[in-house]
Amino acid sequence: MKKLVLLALLTLNLIGAEIAWQDSFASAQAKAKKESKPMLVIITTEQCRWCRKLESTTLSDDEVIEKINSRFVPVHVTRDKSVYPKNLTAKMVPMSYFLDPNGKEIHSMPGYWPSEDYQSILDDALRKYKNKG
């Protein structure tokens, strides 16, 4: 019986899981420095349909959420509205930037990607981060 209760709690925990977005670029960078993790900065705009698709599919996938929450410090910013470094230009959105804790770019990837492909992008960024360290 205890195993069933534990399994039910774990299942409920996974359902509705969300990315633990930081409130600002500055708070994300502070946390990245404290935890020695790379940052994931996703830049979107309000009227971008591909941004909404990335959010509603890929960034809602449980495996993607788990990988982002455990391996990165994520922050979601809006182009031309949020405060973030000017070198993150995002001429195309959505744009995913991977930065070291000091804010130096490790990897970047424009556009919408399905969950399986986005996981490969996350893995590439992690490899590049580890190789720089």
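His107 is found in strand β4 of a predicted model. Helices (H or I, at least four residues) and strands (E, at least two) are DSSP runs, numbered from the N terminus. Residues are numbered from 1 along each chain as its sequence is written, and side-chain values use heavy atoms, with hydrogens and water left out. Because the model is predicted, local features need pLDDT of at least 70 and side-chain atom pairs count only at pLDDT 80 or more, while totals for chains, interfaces and linings use all residues.

At 10% relative accessibility, His107 counts as buried; the term stands for under 20% relative accessible area, with exposed for over 50% and partly exposed in between (1.4 Å probe, protein chains only). The side chain of His107 is joined to that of Lys128 by a polar contact of 3.0 Å. Such a contact is a pair of N or O atoms within 3.5 Å; within protein, one must be able to donate a hydrogen and the other to accept it, and residues adjacent in sequence count only if both atoms are side-chain atoms. Leaving aside residues up to four places away in sequence, His107 touches Ser96, Tyr97, Phe98, Ile121, Asp124, Ala125 and Lys128, where contact means heavy atoms within 4.5 Å.

The view can now widen to the whole chain. Five helices and four strands are present, and from the N terminus on they follow the order α-α-β-α-α-β-β-β-α. Of the 133 residues of the chain, 41% count as buried. Among contacts with a separation of 6 or more, residues 24 or more positions apart account for 68%.

The four strands form an open sheet in the order β2-β1-β3-β4, with mixed pairing. β2 (73-78) and β4 stand at the edges with a single partner strand each, so one side of each is left without a neighbour in the sheet. Neighbouring strands are turned by 15 degrees against each other on average, direction ignored. Two strands are taken to pair if DSSP finds at least two bridges between them; β3 and β4, which run antiparallel, are joined by five bridges. Within this pair, Tyr97 stands opposite Ser108 in β4.

Ile42 and Tyr97 are 55 residues apart in sequence and 6.3 Å apart in space, C-alpha to C-alpha. Ile42 is buried, with a relative accessible area of 0%. Not counting residues up to four places away in sequence, the residues that Ile42 touches include Trp21, Leu54, Val77, Met95 and Tyr118.

Tyr118 leads on to helix α5, whose buried residues are Ser115, Tyr118, Gln119, Ile121, Leu122, Ala125, Leu126 and Tyr129. Seen down the axis of α5, these residues fall within an arc of 160 degrees, so they line one face of the helix; the arc is that of the directions from the helix axis to the C-beta atoms. The face turned away from the buried side carries the exposed residues Glu116 and Asn131. The buried residues of α5 pack against β1 (39-44), α3 (49-56), α4 (62-71), β3 (95-99) and β4 (105-110). The 18 residues of α5 (residues 115-132) should span 26 Å at 1.5 Å a residue, and the end C-alpha atoms are 26 Å apart, which agrees; the expected span is 1.5 Å times one less than the number of residues.

Helix α2 (residues 25-35) lies across β1, β2 and β3, running at about 165 degrees to β2. Axes here are lines fitted to C-alpha atoms, for helices over the stretch in contact, and angles run from 0 to 180 degrees between N-to-C directions.
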